[in-house]
Amino acid sequence: MSEAMKKLQERCGVTADGAFGPNTARAIAKHYDLSPNRAAHLLGQAAHESAGFTITKENLYYSTPERLCKVWPSRFKAIEDAEPYARNPSALAEKVYSGRMGNGPEGSGDASAFIGRGYLQLTGKDNYRSFASDMRVPEVMNDPSLVETDYAFETAYWFFDKNGLFRMADNGIGTDNIKAITKRVNGGHHGLDDRIAQTQKIYGWLSA
């Protein structure tokens, strides 16, 4: 069961069992005053990104250097380059995320502190800072882990609002629109079939 989902359910006034289903989807849409289109797109994307609302923290644990080379080919050209980062998620975060997204240089600790969290994987110090400022939750900067539990959904809502995705959602739940929103969320179309299925299923719950 998901602690983040339990907290969201409590906020929305439904049974806090940690499981996402039709009643929870309807409660979220009502609590956040979202139309069926907007809620379906947001929840459909979030469901895919979080493996059904069960994962709220990026997993940077890789057991072998071979796997690292496959996942991060631009960072690790050879097995020996990847060996120090296998089974070492903090070092890997520093390697791949330092010096960008507002994070300081490698070794500063920023990259490992501000890894992907929440239902849409908020990543990087700049994004955490922007979320914390816009939503008036400055405590996130001192304790980024709050995004895993207290603000997993709020970061997803914020991302949709900040990037104009709610306006895009108003264009309907056709596959072309889901594909366009997926590009904005993912940077590509990874997992598109599941995103379409999740979005349209949730829309069915909300429009019944």
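I began with L43, setting aside its neighbours within four places in sequence, and found it in contact with F20, A25, I28, F53, F153 and I202; contact means heavy atoms within 4.5 Å. The model is a predicted one, in which local features need pLDDT of at least 70, side-chain atom pairs count only at pLDDT 80 or more, and totals for chains, interfaces and linings use all residues. Residues are numbered from 1 along each chain as its sequence is written, and side-chain values use heavy atoms, without hydrogens or water.

I next looked up the largest nonpolar core, which has 32 residues. Such a core is a set of buried Ala, Val, Leu, Ile, Met, Phe, Trp, Tyr and Cys residues joined through side-chain atoms within 4.5 Å, where buried means under 20% relative accessible area with a 1.4 Å probe, protein chains only. L8, L43, Y119, F153 and F160 have the most contacts inside this core. Helix α3 (36-49) is among the elements that give two or more residues to it, and α3 gives the most, with 6 residues. Helices here are DSSP runs (H or I, at least four residues), numbered from the N terminus. Apart from this core I noted another, of 15 residues, including W72 and L92.

I then turned to T123, in the loop between α7 (110-113) and α8 (125-134). T123 counts as buried because its relative accessibility is 14%. A polar atom of the T123 side chain lies 2.9 Å from the backbone oxygen of Q121. Beyond its neighbours within four places in sequence, I listed Y97, M101, F114, I115, G116 and Y128 as contacts of T123.

Notes:
Buried means under 20% relative accessible area, exposed over 50%, partly exposed in between (1.4 Å probe, protein chains only). A polar contact is a pair of N or O atoms within 3.5 Å; within protein, one must be able to donate a hydrogen and the other to accept it, and residues adjacent in sequence count only if both atoms are side-chain atoms.
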